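Please examine the sequence and the model shown below before reading on. The briefing that follows is arranged by topic.

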Amino acid sequence: MESANCSRENKSLLNAEELSTYRIAAEKSLLQRGGVKDYCPVKGNLEQESKINEFRRKYIELIKQERVDKKDSLGRAEWLDDKKLAKQTKDVGKYLKYFGHNKDKEIYFLPEEILFLVDIGAYELYYKDMLLSLEECFGILLSTEKLSLQKYQVYAYLIRFGFIVRRYQSSDQVQAKRQSNSSKRDANNDESETIKKKQRVDEMENNDMCSESVASTSMNVKYCNWDYSKIDFPDFSKQSVISLPEVDSKYLPGRINMQKREYCFPNGLNSAKYITDVPGCKIIKNTASNWKEFKEVNNCDILEKLQASGCGCLWRGEVQPLLNPAETNTQASILKSIKANGPSRSLDENFTENELILDYDVYSPDGNFRKSAPGRPDLRLIVVKQNDQVPHINNIELLNRKFKANVPVYFAIVSSGDISFVSLITQSLPDLC
Amino acid sequence: MNKIKIRKLDENYMVWNASDIIELRNKHRIVGSLIGCLPRIPRQNQQLGRPLLLLREEAALLIKRDICQVLKEISEPTNPDDKEIEEFKIKRDQLYHEQNILAKEDRLKELEKLRPRIYEGMKRKAKKDSNISSEKLEENVNEKMKNLEKRIDNLPESAQMLQIPTACTRLIEAPEEINTVAITDKLDETKIRVFEDLHDRGYFLTNGSKFGGDFLVYPGDPCRYHSHYVVICLENHAKISPQQFSTYSRLATIVKKTILLSYLKDDYTVHYISLNWAGIS
């Protein structure tokens with residue numbers, strides 16, 4: 001162990017020999033995770049000791065690894081502290097597909113982007129001609145606004161898995177960007193097939209956003225308060241000839257000609273067959289001793305009627321109508337069964353807290369991703385620390401409303417080195433009876 | 001003696017030097033968690049590399065025991081002076097030249113390995129002329145080798161290997177006077193005390209969020225042994241419902257570990273209660 005103290009003296013910079021043999025002396029295997037472990041240490045157990053020593057030897061080797069690459073394949077960027085962005089000064093191509101953005105013919109990286117590129121040993125970051133170590137990069141870049149160590153941990157974790165992670169963009173931002181893009185495209189006038197395809201996806205997303213706004217406006221439906229007892233409905237049932245008053249032609253579409261104004265029903269309107277034949281619509285004549293019995297008999301009757309009528313075939317196949325007239329006979333139950341008024345909760349009146357801020361858009365690595373038209377993300381993330389307050393239920397509700405049936409929102413909970421993902425969904429449980 | 005160096009970033013404490021990390025684990029039983037990319041295999045999450053992120057409780061213990069030194073936060077870039085930049089450039093040039101020499105030596109060694117084949121080739125050729133002595137042949141081979149050696153090129157500048165240093169080699173002075181981590185509340189204090197107590201008993205401790213607790217307690221290095229306990233810290237006089245007990249005991253049964261409910265008494269001694277689900281049916 002005495003070597004630990006001696007070697008602590010700044011051994012972090014490699015010498016020329018270590019640099020030139022870097023590729024040859026590669027320890028490429030990883031530490032074994034999990035597997036069979038022992039219950040507890042036994043003194044003098046040589047097998048245990050040798051296994052621990054083997055682990056430690058490997059651990060030391062892994063910890064000591066440094067970031068080294070050929071000058072040719074290393075990108076270079078300059079940190080602009082006033083803009084809080086990194087400007088690329090040497091390009092190596094392959095990283096620009098997922099990282100960086102163009103502005104005035106220059107390529108800029110966001111702090112987390114350049115930090116990750118330094119972390120994987122792809123770019124050198126300079127500040128005023130001085131190379132920054134990863135340690136300095138962590139300090140400087142993670143102290144910028146909108147970033148924290150926890151956010152970077154989640155960001156890097158997902159990219160290491162292969163996901164494409166971008167900062168969250170609200171639909172307004174996307175729209176603005178798209179407009180500027182499309183104007184550019186018009187100027188260039190060379191639309192490739194893929195761009196069109198992406199646009200279509202974007203439009204779809206747009207529609208989603210629209211439906212979101214519709215959903216939110218239709219929340220406050222006004223019920224009409226007509227008093228039906230005071231409205232006089234004419235009773236034609238006993239009459240055999242019905243004459244309708246002439247309709248002013250200005251209320252009719254041009255092609256319709258209202259000539260005939262008299263309808264004859266020799267046996268009165270009641271006999272008109274089509275009325276009583278509507279399935280499920282029936283005057284109940286059964287008798288029952290209690291409500292349960294009454295409902296059962298009633299349902300049976302309706303079902304029988306259904307089966308007998310031409311509509312019966314609708315309920316025979318695998319795909320059936322959403323509504324079963326036997327079960328849904330009130331307005332409320334119809335709305336419930338077609339889930340018209342969803343599981344949304346009403347918000348507290350005196351709710352003042354800030355909205356939850358989304359951190360990242362995550363795209364799965366399918367190869368179709370384009371920086372200029374990223375389209376709809378596969379999921380969105382909010383990064384929270386372990387000790388953060390649980391988000392207010394109203395915030396979650398707002399979130400659910402905003403992204404209804406669109407993109408799932410996940411919470412990434414960071415607890416020291418562990419990251420776990422949780423999604424909060426307002427549930428609508430199926431009714432079993 | 002050199003102290004272990006810890007860099008602060010907000011309320012996070014990180015260790016950057018490889019030897020410090022190894023010493024922490026082997027000597028002080030402090031595990032922490034690695035959060036950087038592993039330089040040689042960066043795009044995976046199975047094994048990460050430096051820096052090592054410490055738990056707050058770990059940092060508190062190290063500070064209290066005077067094992068470490070907390071370095072000043074780097075939150076803004078420091079302007080390098082001209083001398084520093086000059087030194088950096090000279091260092092890089094020097095490394096390039098040394099690499100060049102090494103590369104040439106390597107080529108020479110490879111060439112030397114080819115010598116017998118060159119000799120054979122020339123011998124075969126000489127047979128046709130048939131009147132060349134073996135000395136003359138040797139001479140010819142030497143001359144040929146020299147010509148080849150002259151043709152060894154310099155290592156192209158673009159092919160030199162460069163290092164992006166992980167740990168900072170400057171700004172290591174200016175230690176901050178920090179006596180303890182910022183303690184926010186009573187529960188925070190309890191956690192720090194409980195960690196210290198268990199650590200002093202010889203256990204290894206890691207973050208317990210995976211198992212719904214504050215710490216996991218291992219009898220030896222976590223690489224080799226299963227954890228025995230899940231520690232849940234409670235404030236003294238905390239109110240716990242029987243349902244909570246039920247939850248804890250169910251958790252313990254599922255993960256096959258013992259739940260330790262730990263709390264500080266008013267005299268600051270740490271006490272533990274374990275839960276055992278009595279399966280009477």
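Why does Tyr218(B) count as buried? Tyr218(B) has 23 C-beta neighbours inside 10 Å, and therefore counts as buried; the term requires 20 or more other C-beta atoms within 10 Å of a residue's own, while 12 or fewer make a residue exposed and values in between partly exposed, with C-beta atoms placed from the backbone.

This is a predicted model, in which local features need pLDDT of at least 70, side-chain atom pairs count only at pLDDT 80 or more, and totals for chains, interfaces and linings use all residues. Residues are numbered from 1 along each chain as its sequence is written, and chains are lettered from A and ligands numbered from 1 in the order in which they are written.

**The annotated active site of chain B**

- An unreviewed UniProt entry carries the annotation "active site" for Tyr218(B), His226(B) and Lys257(B); UniProt positions are given in the numbering used here, feature names are shortened, and annotations may be inferred rather than shown by experiment.
- These residues span 40 residues in sequence, yet no two of their C-alpha atoms are more than 10.8 Å apart, so they gather at one spot.
- Tyr218(B) belongs to strand β8 (residues 215-218) of chain B; helices (H or I, at least four residues) and strands (E, at least two) are DSSP runs, numbered from the N terminus.
- Beyond its neighbours within four places in sequence, Tyr218(B) is in contact with Tyr203(B), Phe204(B), Tyr225(B) and Ser227(B), where contact means that C-beta atoms, placed from the backbone, lie within 7 Å.
- Lys257(B) sits in the loop between α6 (242-255) and β10 (258-264) of chain B, and it counts as buried because it has 20 C-beta neighbours inside 10 Å.
- Not counting residues up to four places away in sequence, Lys257(B) touches Phe211(B), Ser227(B), His228(B), Tyr229(B), Val230(B) and Ala252(B).

**The overall form of chain B**

- Chain B contains six helices and eleven strands.
- Its radius of gyration, taken over C-alpha atoms, is 31 Å, well over the 19 Å that the globule rule gives for 281 residues, so chain B is more spread out than a compact globule. The globule rule is 2.2 Å times the number of residues to the power 0.38.
- The C-alpha trace of chain B spans about 105 × 60 × 30 Å along its principal axes.
- Of the 281 residues in chain B, 34% are buried.

**Chain A and its helix α6**

- Chain A has twelve helices and 14 strands, and 18% of its 433 residues count as buried.
- Helix α6 (residues 149-161) of chain A has 13 residues and should span 18 Å at 1.5 Å a residue, which agrees with the 18 Å between its end C-alpha atoms; the expected span is 1.5 Å times one less than the number of residues.
- Ten of the 13 residues of α6(A) are buried, among them Tyr152(A), Val154(A) and Leu158(A).
- Gly162(A), with a positive phi near 110 degrees, follows α6(A).

**Where the chains meet**

- In all, 74 residues of chain B are in contact with 77 residues of chain A.
- Strand β1 (residues 67-70) of chain A pairs with β6(B) in the antiparallel sense over four bridges; pairing requires that DSSP finds at least two bridges between two strands.
- Asp69(A) stands opposite Leu162(B) in β6(B).

Terms used
Contact = placed C-beta atoms within 7 Å.
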